[in-house]
Amino acid sequence: MEKLESFNPIKLLNNVKNGDSAAFNELYYQYRQKIYGYAHHFTRCKEEAEELTQDTFVRLWENRAKINPERNFDAFLYTLVRNNFLMVLRKKAREKAYSNENLCQQESFNAIEDELNAKESKRIAQNAIETLSPQVKKIYLMSRDDHHTHEEISQLMGISKNTVNNHLKKSLSIMRKYFKTYSPETILSLIAFIYC
């Protein structure tokens, strides 16, 4: 067998094209610095340039049938490195888009979950309100739904302001107990609901 170092570039490329792994090893040693230089030009990062160089040689071997020994091999290598780099960029962009999509899906899921929790809290609060005595319920609804002040409720119902205050405290205490019993995990939602 002829010594690889004595091959001229055209013969070396022909041997690589025909699947000669020894010729490919020689090609690697002759062109790795040049490919690394091209790769570093694109990446501006030593580690990424080394990885791109390795990937380029793998692609070169996989695409050896496309080598045309009569044409400018440097231009072929440059195109191979550039295309490989663009492929890596597209892959990173897809991964980022997928990551962002998952983040959006998670935010959407959280929004739906929050809405369901709010609806559940409201339903439990309505059930709790139904357990109040008629007068306590009326005072609670006048305060929370109609937004009357304690003074206004006192005048409208003909009871003291102190009685209104006591009935409201009683209603909140009953509702807290109800929430703790029927939905302890939504107790924070209750606090937001009854104090709004």
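In this predicted model, the axes of H2 and H3 come within 8 Å and cross at roughly 140°. That angle makes H2 oblique to H3, since angles over 145 degrees would be needed to count as roughly antiparallel. The handedness of this crossing is right-handed. Quite a list of residues makes the contact: H2 brings in Ser21, Phe24, Leu27, Tyr28, Tyr31, Arg32, Ile35, Tyr36, Ala39, His40 and Thr43, while H3 answers with Lys46, Glu48, Ala49, Glu50, Leu52, Thr53, Gln54, Thr56, Phe57, Leu60 and Trp61. Sorted by class, the contact of H2 with H3 holds 12 nonpolar, six polar and four charged residues.

Gln33 belongs to helix H2. With a relative accessible area of 57%, Gln33 is exposed, because anything over 50% falls in that class.

Between H2 and H3 there is a loop, where H3 covers residues 46-62, and Arg44 lies in that loop. Its backbone has something to look at: Arg44 is not a glycine, yet it has a positive phi of about 60°. As a rule, most residues other than glycine have a negative phi. Arg44 is also exposed, with a relative accessible area of 61%.

What angle do the axes of H1 and H2 make where they cross? The answer is roughly 125°, with the axes coming within 8 Å. H1 and H2 are therefore oblique to each other, and their crossing is left-handed. On the H1 side, the contact is made by Leu12, Leu13, Asn15 and Val16; on the H2 side, it is made by Ala23, Phe24, Glu26, Leu27 and Gln30. The class count for H1 with H2 comes to six nonpolar, two polar and one charged residues.

The loop between H1 (9-17) and H2 (21-43) contains Asn18. Is Asn18 buried or exposed? Asn18 is exposed, at a relative accessible area of 66%, because the cut-off for that class is over 50%.

H5 and H6 pack at an angle of about 135°, with their axes 10 Å apart. That makes H5 oblique to H6, and H5 passes H6 in a right-handed crossing. H5 supplies Gln135, Lys138, Ile139, Met142 and Ser143 to the contact, and H6 supplies Ile153, Leu156 and Met157. By class, the H5 and H6 contact has five nonpolar, two polar and one charged residues.

The loop between H5 and H6 holds His147. Phi of His147 is near 60°, a positive value in a residue other than glycine. At 60% relative accessibility, His147 counts as exposed, because the class starts over 50%.

Zooming out, how many helices and strands does the protein chain have? There are eight helices and zero strands, and along the sequence the pattern reads α-α-α-α-α-α-α-α. Of the 196 residues in the protein chain, 29% are buried. The chain exposes about 13000 Å², and carbon and sulfur atoms supply 52% of that area. As for contacts with a separation of 6 or more, 54% of them in the protein chain come from residues 24 or more positions apart.

Methods. Residues are numbered from 1 along each chain as its sequence is written. This is a predicted model: local features need pLDDT of at least 70, side-chain atom pairs count only at pLDDT 80 or more; totals for chains, interfaces and linings use all residues. Side-chain values use heavy atoms; hydrogens and water are left out. Helices (H or I, at least four residues) and strands (E, at least two) are DSSP runs, numbered from the N terminus. Buried means under 20% relative accessible area, exposed over 50%, partly exposed in between (1.4 Å probe, protein chains only). Contact means heavy atoms within 4.5 Å. Accessible areas come from the Shrake-Rupley method with a 1.4 Å probe; for residues, only the protein chains shown count as cover. Axes are lines fitted to C-alpha atoms, for helices over the stretch in contact, and angles run from 0 to 180 degrees between N-to-C directions. Angles under 35 degrees count as roughly parallel, over 145 as roughly antiparallel, 65 to 115 as roughly perpendicular and the rest as oblique. A crossing is left-handed if the near helix is turned anticlockwise from the far one by less than a right angle, and right-handed if clockwise. Ala, Val, Leu, Ile, Met, Phe, Trp, Tyr, Cys and Pro count as nonpolar, Asp, Glu, Lys and Arg as charged, and the others, Gly among them, as polar.
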